[in-house]
Amino acid sequence: MTPLLQARGLGKDYGSVTALRDVSTVVNAGEVTCVLGDNGAGKSTLIKILAGAHRHDAGELLFEGSPVRFGSPREALDRGIATVFQDLAVVPLMSVWRNFFLGSEPGRWGLIDRRRARETTRAALAEMGIELRDVEQPVGTLSGGERQCVAIARAVHFGAKVLILDEPTAALGVKQAGIVLKHVARARDRGLGVVLITHNPHHAYPVGDRFLLLKRGRSLGSHEKADITVDHLTHQMAGGAELDTLTRELDPD
Ligand SMILES: Nc1ncnc2c1ncn2[C@@H]1O[C@H](COP(=O)(O)OP(=O)(O)O)[C@@H](O)[C@H]1O
Ligand SMILES: [Mg+2]
């Protein structure tokens, strides 16, 4: 099976800052690739390259087996790569349905078929278990988890092949994070290749098929689920050897 996306030795500098160096990973249809790391690890930089928002300066990016270099997020989206950026791309005062379509509203001759648009949005959200009384309400009135779900529903509805989510659970409580992760799993079960960025191994492990660990722009390794436990993943995230040293220092006995 040809991977949907394949990163080979990707590198990116911002001026004198090396944000990413020699990072490789793969995204397969029907699988979740998790990207883990602390703040500043390079997670957002990596997904901005995959999403077409930034160009890489080193390495190779393959989409369905062919090298690509996207000029813009629109170009990536046209190939089927949908991204929900960390600074969530919704317009808070706009209605839920306008946010769902964001420029792709149904209609003819420049007129939006509002009734159809509202009904499509309602149905797509209901399919994800989100029952809204009124899709005319501003998206800003939804909870953080619901907003993430609107973005996931949008990607699924418009036939994305790859869905990239940058820290979708970061600002959420346990229950809402669980709901978002359930929708991540559903998108995966529908055959999308999902890239899930998080700094929480307990969010990544239950849904992930592979785990790419980044630290200061470098890869600490990529593990298939069968090769790593959640404890090991947590330990590596926390800095592995550094944490062991700290533990010994704090508790010398
Ligand atoms: N647009 C930018 N200009 C300059 N430096 C940046 C820019 N974006 C990110 N960086 C730097 O690149 C590194 C990786 O950042 P980022 O990819 O946002 O990490 P993460 O998402 O894992 O927190 C950090 O040192 C950050 O300060
Ligand atoms: Mg980030």
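How many nonpolar, polar and charged residues does the shell around ligand 1 have? By class, there are 4 nonpolar, 6 polar and 1 charged residues in that shell. Here Ala, Val, Leu, Ile, Met, Phe, Trp, Tyr, Cys and Pro count as nonpolar, Asp, Glu, Lys and Arg as charged, and the others, Gly among them, as polar.

The model is predicted: local features need pLDDT of at least 70 and side-chain atom pairs count only at pLDDT 80 or more, while totals for chains, interfaces and linings use all residues. Residues are numbered from 1 along each chain as its sequence is written, and chains are lettered from A and ligands numbered from 1 in the order in which they are written.

**The whole protein**

The protein has 9 helices and 12 strands, where helices (H or I, at least four residues) and strands (E, at least two) are DSSP runs numbered from the N terminus. Its radius of gyration is 19 Å, close to the 18 Å that the globule rule gives for 253 residues, so the protein is as compact as a globular protein of that length. That radius is taken over C-alpha atoms, and the rule is 2.2 Å times the number of residues to the power 0.38. Along the principal axes, the C-alpha atoms fill a box of roughly 70 × 40 × 35 Å.

Of the 253 residues, 39% count as buried. A residue is buried if 20 or more other C-beta atoms lie within 10 Å of its own, exposed if 12 or fewer, and partly exposed in between, with C-beta atoms placed from the backbone. Among contacts between residues at least 6 apart in sequence, 67% join residues at least 24 apart; a contact requires C-beta atoms, placed from the backbone, within 7 Å.

**Ligand 1 and helix α1**

Select ligand 1 next. Its surroundings comprise Tyr-14, Val-17, Ala-19, Gly-37, Asn-39, Gly-40, Ala-41, Gly-42, Lys-43, Ser-44 and Thr-45, each with its C-beta atom, placed from the backbone, within 6 Å of the ligand. The elements that give two or more residues to this shell are β2 and α1 (43-50). The largest share, 3 residues, comes from α1.

Now select α1 itself. Among the buried residues are Lys-43, Ser-44 and Thr-45. Just after the helix, Gly-52 takes a positive phi of about 85 degrees.

Select residues 5-14 and 17-27. These are β1 and β2, which pair in the antiparallel sense over 7 bridges; pairing requires that DSSP find at least two bridges between the strands. Tyr-14 has Val-17 in β2 as its bridge partner. The hairpin has 2 residues between the strands, and Gly-15 takes a positive phi near 60 degrees there.

Which residues does Asp-22 touch, not counting those up to four places away in sequence? They are Gly-9, Gly-11, Arg-218 and Ser-219. Asp-22 is found in β2 and counts as partly exposed, with 13 C-beta neighbours inside 10 Å. Its phi is near 55 degrees, a positive value in a residue other than glycine.

Strand β5 (residues 66-67) runs antiparallel to β4, joined by 2 bridges, with Phe-63 opposite Ser-66. In the turn of this hairpin, which has 2 residues between its strands, Glu-64 has a positive phi of about 45 degrees.

Leu-50 touches Leu-5, Ile-81, Ile-164 and Val-195, not counting residues up to four places away in sequence.

**Two loop residues**

Select Met-128, in the loop between α4 (114-127) and α5. Met-128 is partly exposed, with 19 other C-beta atoms within 10 Å. Leaving aside residues up to four places away in sequence, Met-128 touches Cys-149, Ala-153 and His-183.

Finish at Glu-167, in the loop between β9 (162-166) and α6 (174-189). Is Glu-167 buried or exposed? Glu-167 is buried, with 22 other C-beta atoms within 10 Å. Its phi is near 55 degrees, a positive value in a residue other than glycine.

Conventions:
Contact = placed C-beta atoms within 7 Å.
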